[in-house]
Amino acid sequence: MVEDTQVISQRLLNISELFYSIQGESTYAGLPCVFIRLAGCNLRCRYCDARYTYEEAHAAMALDAILSFVDSYPEALVEITGGEPLIQENVYPLMVQLISRGRTVLLETNGSLPIDKVATEVIVIMDIKTPGSGMGESFASENIAFAKERNSIIQGACELKFVLTDKNDYKWARNMVIRHTLNKSGPTLFSPAKGQISPLDLATWILQDQLAVRLQLQLHTLIWPQLSRGV
Ligand code: SF4
């Protein structure tokens with residue numbers, strides 16, 4: 001049975017914050033972007049900079065109210081992030097509604113939940129958690145095949161991101177990239193965990209190994225170092 005549009009628009013999502021900023025952590029970095037940050041996360045990474053998404057109480061918002069906010073920025077990218085967005089079932093109709101409005105939609109996910117139900121048009125930016133995150137066992141390994149499949153349908157439709165805390169994490173990520181030829185299938189991003197390794201060290205290791213991955217810095221933290229949310 002096809003669900004009534006009116007009913008879909010009243011579906012609820014727990015929202016941590018809605019804001020308009022500069023995309024900072026993908027091949028889309030630098031572009032104006034509307035962020036829909038969903039509350040709640042199923043992981044507890046050591047370096048988490050978004051604890052407020054699961055430590056604070058959050059209000060539920062109807063889908064049409066979220067879409068109204070997005071509509072105020074008609075030219076911007078739209079990123080759904082968290083927390084972990086995929087723990088809320090109503091994120092799926094949200095993505096469908098955004099795509100049907102012709103928006104470019106990015107989904108940031110922590111890699112622990114299967115991405116196979118995410119609409120093909122959505123660009124998935126997926127973490128692969130390293131041992132140094134404390135959540136190294138969380139990755140849903142079937143997501144490697146799903147990521148490759150998405151990239152075979154639409155080039156660049158799934159970006160893989162490793163946030164690295166030390167040299168061991170770097171070696172672990174490098175081995176995973178090589179073993180699964182990840183960088184041959186789509187954008188592969190290596191990012192230093194803030195305050196744990198320097199961009200210079202990470203750049204040096206990548207160059208020494210001639211590893212074809214993209215070094216990524218969190219652009220928003222360079223622009224607004226004093227702000228921890230809303231950017
Ligand atoms: S997955 Fe993201 S939001 Fe969740 S604990 Fe890890 S860093 Fe924080």
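**View 1. Strands E4 and E5 pair in the parallel sense.** Three bridges link strand E4 (residues 77-81) to E5. Strands pair here if DSSP finds at least two bridges between them. Strands (E, at least two residues) and helices (H or I, at least four) are DSSP runs, numbered from the N terminus. Glutamate 79 stands opposite leucine 106 in E5. From E4 the chain crosses through helix H4 (residues 91-100) to E5, and this β-α-β crossover is right-handed. Right-handed has a set sense: with the strands pointing away from the viewer, the path from the first strand over the helix to the second runs clockwise. This is a predicted model, in which local features need pLDDT of at least 70, side-chain atom pairs count only at pLDDT 80 or more, and totals for chains, interfaces and linings use all residues. Residues are numbered from 1 along each chain as its sequence is written.

**View 2. Strand E5 (residues 105-109) is mostly covered.** Five of its five residues are buried. Buried is set by a count (20 or more other C-beta atoms within 10 Å of the residue's own; exposed is 12 or fewer, partly exposed is in between; C-beta atoms are placed from the backbone). Val105, Leu107 and Thr109 point one way from E5. Leu106 and Glu108 point the other way. E5 also pairs with strand E6 (residues 123-127), in the parallel sense, over four bridges. In E6, valine 124 is the bridge partner of leucine 107.

**View 3. Nine strands form an open sheet with mixed pairing.** The order is E3-E1-E2-E4-E5-E6-E7-E8-E9. Strand E3 (60-62) and E9 stand at the edges, each with a single partner strand, so one side of each has no neighbour in the sheet. Strands of a sheet pair through backbone hydrogen bonds, either parallel or antiparallel.

**View 4. Strand E1 (residues 12-22) pairs with strand E2 (residues 32-38) in the antiparallel sense.** Seven bridges join E1 and E2. Phenylalanine 19 stands opposite phenylalanine 35 in E2. Leucine 18 stands opposite isoleucine 36, also in E2. E1 and E3 are antiparallel too, over three bridges. There, leucine 12 stands opposite alanine 62 in E3. Leucine 13 has its place in strand E1. Leucine 13 is buried, with 23 other C-beta atoms within 10 Å. The C-alpha atoms of leucine 13 and glutamate 89 are separated by 8.6 Å, although these residues are 76 residues apart along the chain.

**View 5. Eleven positions around the ligand are shown here by name.** The ligand is surrounded by Cys41, Leu43, Arg44, Cys45, Cys48, Ala50, Thr53, Gly82, Gly83, Glu84 and Asn110. By class, the shell has five nonpolar, four polar and two charged residues. Ala, Val, Leu, Ile, Met, Phe, Trp, Tyr, Cys and Pro count as nonpolar, Asp, Glu, Lys and Arg as charged, and the others, Gly among them, as polar.

**View 6. Glycine 82 and glycine 83 are joined by a cis peptide bond.** Omega is about 10°. Glycine 83 has its place in the loop between E4 and H4. Both glycine 82 and glycine 83 belong to the ligand's surroundings.

View 7. Asp169, Tyr170, Ala173 and Val177 are the buried residues of H6. They cover an arc of only 100° around the axis, which puts them on the same side of H6. The arc is that of the directions from the helix axis to the C-beta atoms. On the other side of H6, Asn168, Asn175, Ile178 and Arg179 are exposed.

**View 8. Threonine 181 and glutamine 210 each have a positive phi.** Most residues other than glycine have a negative phi. For threonine 181, phi is near 45°. Threonine 181 lies in the loop between H6 and helix H7 (182-185). With 11 C-beta neighbours inside 10 Å, threonine 181 counts as exposed. For glutamine 210, phi is about 50°. Glutamine 210 is found in the loop between helix H8 (199-209) and strand E9 (214-215). Glutamine 210 is exposed, with 6 other C-beta atoms within 10 Å.

Terms used. Near = placed C-beta within 6 Å.
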